[in-house]
Amino acid sequence: MPRPLGNIHPRFWGWVIGTGTPMGMLADMLCAGMNFNVGGGEQISNEVELQVIDWCKEMLGFTPEASGLLTSGGSMANITGLTVARNTKANFDIRQEGLAEKARMMVYASDQVHNSVDKGVELLGLGSQSLRKIPVNADYQIDLDALKSAIQQDNAAGHQPFCIVGNAGTVNTGAIDDLNSLADIAQAEDLWFHIDGAFGSLAAVSPELRPMVNGLDRADSLAFDLHKWMYMPIEVGCTLVRFPEAHRNTFNTPASYLAFMERGMASGNWWPSEYGVQLSRNFRALKVWMSLKEHGIEKYGRLIKQNVDQVQYLVKLVETHPSLEMMAPSPLNVACFRFTEHGLSDEQLSDLNKEILMQLHESGVAAPSYATLDGKFMIRVANTNHRTRSEDFDLLVEEVVRLGKSLL
Ligand SMILES: *Cc1c(COP(=O)(O)O)cnc(C)c1O
């Protein structure tokens, strides 16, 4: 079928999907062939994963004492972090007692938070009413005063606030919350501070962009993807947890058939299955290890910066074109814009831009995705594509305008 998601075309900018590399493909083929089960034991795959986790901490400037786990992606990385948060901050033995008849445990995030956090909160048995979606400012960053008063209200109502989720790169616009202020609030209120940095946290890999994600290192847990802005083949994400004991205490569930042995195949110091949900796990660390060895971290920093510069180039094209308009600030590698025509209502423009996008997808000329903000449908580019050149955005703009005019 002609329209795969995550395709490797230089004009694929839909959702947030990395575009894969030959080395990543080779590594995944080797994994399938060697068939490691990276749930535990004493084997090289575990050492490679630990090495990769250490490199991730270094790349993002996270504390070297942290524990970590490679996950299927950002969703599982968020859920892993939130589970440690819930279990650590519960003021009772939640693993034994569960949540029945306890105070409602509350999570706070901006209304731009990714739906994997909604899923996580529901999976954890907290109920979606326990996720307080806080309004954002004009830059789509969480409103700190609204956050503080929500925490106060919940305390007064007898609920138990336990976790703030900060966004380092929201899915709609790439907005980065004020992470240091969130860390301060979490500290003052004795809450867990989780950051969803699925793609945005990787800005830290570029020395020029790193200041944008100041405060990343203050998270208690940090979730991010390697199959987005590190261009690795799907699947690989990562959770880092500041407190290794809390991390292990969340998932370590004794079983006689998995008991640690002093010698032989069931020895080894690090059993990944004690740090997450999965027991049988693939050797996803290999593609990360091989890719980092192949390219070196500076090159990733350059590519990440290149993607941001390209999107800033697109923003300029949009801003200077009379038939186009930017729809949200564009601090990073995401741009939301639409075709516009004097005299048309927002509703008409939404329909028009939807049709432009459908025709872009169906013609195969370019693959942005979409966002809806304040009820307005817009075209959205998220550039995690190392094959893109600036000229690709010239063509996108040309096509959007051509389609828009032909549809009027
Ligand atoms: C993509 C994304 C996720 C989910 O990650 P997956 O790897 O798709 O599971 C979470 N948060 C944000 C901000 C994302 O962009």
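Asp190 lies in the loop between helix 7 (179-189) and strand 6 (192-196), where helices (H or I, at least four residues) and strands (E, at least two) are DSSP runs numbered from the N terminus. The structure is a predicted model, in which local features need pLDDT of at least 70 and side-chain atom pairs count only at pLDDT 80 or more, whereas totals for chains, interfaces and linings use all residues. Residues are numbered from 1 along each chain as its sequence is written, and side-chain values use heavy atoms, with hydrogens and water left out.

Although Asp190 is not a glycine, its phi is positive, at about 60 degrees, and with a relative accessible area of 56% Asp190 counts as exposed (buried means under 20% relative accessible area, exposed over 50%, and partly exposed in between, with a 1.4 Å probe and protein chains only). A positive phi of about 60 degrees is also found at Asn35, likewise not a glycine; Asn35 is placed in the loop between helix 1 (22-34) and helix 2 (44-60) and is exposed, its relative accessible area being 60%. A cis peptide bond, with omega of about 15 degrees, joins Ile234 to Glu235, and Glu235 is located in the loop between strand 7 (221-225) and strand 8 (237-241).

The protein chain is assigned domain 1 (18-295) and domain 2 (298-407), the bounds coming from an automatic or database domain assignment. The centres of the two domains, taken over C-alpha atoms, are 30 Å apart. Contact (heavy atoms within 4.5 Å) involves 32 residues of domain 1 and 25 residues of domain 2. The area buried between the domains is about 2,300 Å², of which carbon and sulfur atoms give 65%; buried area is the accessible area (1.4 Å probe) that two parts lose on being put together, summed over both. In domain 1, the residues that lose the most area to domain 2 are Trp229, Tyr231 and His295, which together account for 28% of what that side buries.

Asn333 is placed in the loop between strand 9 (324-326) and strand 10 (334-339) and is buried, with a relative accessible area of 0%. When its neighbours within four places in sequence are left aside, the residues in contact with Asn333 are Phe199, Trp229, Val308, Val311, Val381, Ala382, Asn383 and Thr384.
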